[in-house]
Amino acid sequence: MNQKKLVLTGHDLSIENVLEVSRHYRPVEIDKAAKKRIDAAYRIVAGIEDSGVPTYGINTGFGEFSKVCISREENGALQKNLVMSHACGVGPAFSEEIVRAIMLLRLNTHCSGFSGVSPEVPQILCDMLNHHITPYVPEKGSLGASGDLANLAHIALVMIGLGEVIEDGKRKPAAEVLKREGLTPVVLKGKDALGITNGTPVMTGVGCLAFHDAEICLKAANMGAALTFEAFRGITAALDPRVHKLRPHPGQLEVASFILNMLEGSSSINTRKGDVQDPYTLRCVPQVHGAVSDVLRHVRQELEIEINSVTDNPLVFPDKGDVISGGNFHGEPMALNMDFLGMAAAELADIAERRIERMVNPQLNGGLPAFLVANGGVNSGFMIPQYTAAALVSENKVLAHPASVDSIPSSANKEDHVSMGTISARKALEIVNNVRQVVAVEWIVSAQACEFRKVEHFGRGTAQMMKEIRKIVPHLEDDRILYPDMHAMDHAIREGKMIDKIEASLKTSL
């Protein structure tokens, strides 16, 4: 993993960069030109403080209190009070990687030079990332408009030496950890509090991680379907490129081509006697998985716009000296796309679970042992992994209900339409985690089925896949405790190295 410092400019961050910093601790620094932009915008804010001209969030209250003017002398109390009063998150804490993603996205916004924060604010965010200081941030409390206020305020608390951080799974006072790391808490001024708490980095940070893991799930689901083709001696006519060129959705074309490539050289496919077509769960994999691929392509585009956008309020335009109160904090673009991502990802598990059922069910599996185990009755084999997959699929049906169609007015009806985008993103991430566990079960079950089928020659990619699976999970001779196998396979898929090896095998000649 690249450990060279990631230089933040505010406009060229990628989803892959977010993963490098959040999950793999890549250090960051602020671009020199970005520092100049930050300084220029802050000078505008400082001038407004001196002038006394009423400007939202600098010398006025917030939300419904925007009509209340605040003196220059009261600004420091205004900023600190906003952070303290808004830190009202509840529920479990976000994971360290999610909090790091949130901090990175807030920092990247500041680097654009339109937030008007004092230079100390982005610098301490940068330092906290590089010192691996992770604020305690509860998951729940954001309405997704006026930004992710409740969650972001918990990060702001740490920046000013209040609140808590998570170390070794325990909550510790932020002041103690900052002091140990040689960092000085920020004294907020100008519009610093709004510059930290107003925006969409929580829903977008969660969204980046959900998206990345969904991409891995799609690859793994395509591979799992290919191995199930082997187990069922599937009929590859339905993968013929001529079929898919007549309905040329990009994802459909890609998935059909990928599975054919995985199966190239297989002795198992197209050997089933007395049948001319597969069930939909095999025959329609390009159409179903391909549609998911197209959704991911769209969501990537929307996420990469958002992570390089300025979403706080008000915005400072140094070239004209204007400070404009707008609505870029509204999370609707992310809310809709996170709901879309969750629904699309759920379909991968829906169809995978049906493939699992066909393999373990003696009425559907074409002569394989019931539940893929010898001495059935004494042994239950893979009976219950299918139950688990079915439970996860059913849970996803509930989670896939869109959050973005809801709105509850807040702030005395000043904020009268909200996005619920952070709920959408959290649900999407939970769905993706469920999907990966279903796909992991398909990998284990299809490997077992192929061994009972006594496949003589696997395909180009499925051969490598069998090797990788058997490094982690042995063949099931008699019943054993299965959850460690399922957890290990889930972990290996999430990590991605095994996926990379299988993809690499497709580039070598047979």
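Tutor: Helices here are DSSP runs of H or I with at least four residues, strands are runs of E with at least two, and both are numbered from the N terminus. The model is predicted.

Student: Where does N270 lie?

Tutor: N270 is not a glycine, although its phi is positive, about 60°. Most residues other than glycine have a negative phi. As for its place, N270 belongs to the loop between α11 and α12 (280-283).

Student: Is N270 buried, partly exposed or exposed?

Tutor: Buried means under 20% relative accessible area, and exposed means over 50%. The relative accessible area of N270 is 43%, so this residue is partly exposed.

Student: What is the phi of S146?

Tutor: S146 sits in the loop between β4 (138-140) and α6 (149-159). With a relative accessible area of 7%, S146 is buried. S146 is not a glycine, yet its phi is positive, at about 60°.

Student: Which residue does a cis peptide bond join to N313?

Tutor: Most peptide bonds are trans. Here omega is about -5°, and the bond is cis.

Student: What is the angle at which α9 and α11 pack?

Tutor: Two packed helices are described by the angle between their axes and the distance between the axes. For α9 (residues 201-231) and α11 (residues 250-263), the axes are 9 Å apart and the angle is about 50°.

Student: Is α9 parallel, perpendicular or oblique to α11?

Tutor: Angles under 35 degrees count as roughly parallel and those from 65 to 115 as roughly perpendicular. The angle of about 50° therefore makes α9, relative to α11, oblique.

Student: Is the crossing of α9 and α11 left-handed or right-handed?

Tutor: On the α9 side, the residues that meet α11 are N222, M223, A225, A226, F229 and E230. Their partners in α11 are V255, F258, I259, M262 and L263. By class, this contact has 9 nonpolar, 1 polar and 1 charged residues. The crossing of the two helices is right-handed.

Student: What is the relative accessible area of N108?

Tutor: N108 is part of helix α4 (residues 96-111). Leaving out residues up to four places away in sequence, N108 touches L8, T9, G10, H11, L13, I307 and N308. Buried means under 20%. N108 counts as buried because its relative accessible area is 1%.

Methods
Residues numbered from 1 in each chain as written. Predicted model: local features only at pLDDT ≥ 70, side-chain atom pairs only at ≥ 80, totals over all residues. Heavy atoms only, no water. Axes fitted to C-alpha atoms, helices over the stretch in contact; angles between N-to-C directions. Parallel < 35°, antiparallel > 145°, perpendicular 65-115°, else oblique. Left-handed = near helix turned anticlockwise from the far one by under 90°. Contact = heavy atoms within 4.5 Å. Nonpolar A, V, L, I, M, F, W, Y, C, P; charged D, E, K, R; others polar. Buried < 20%, exposed > 50% of the residue type's maximum accessible area, 1.4 Å probe, protein only.
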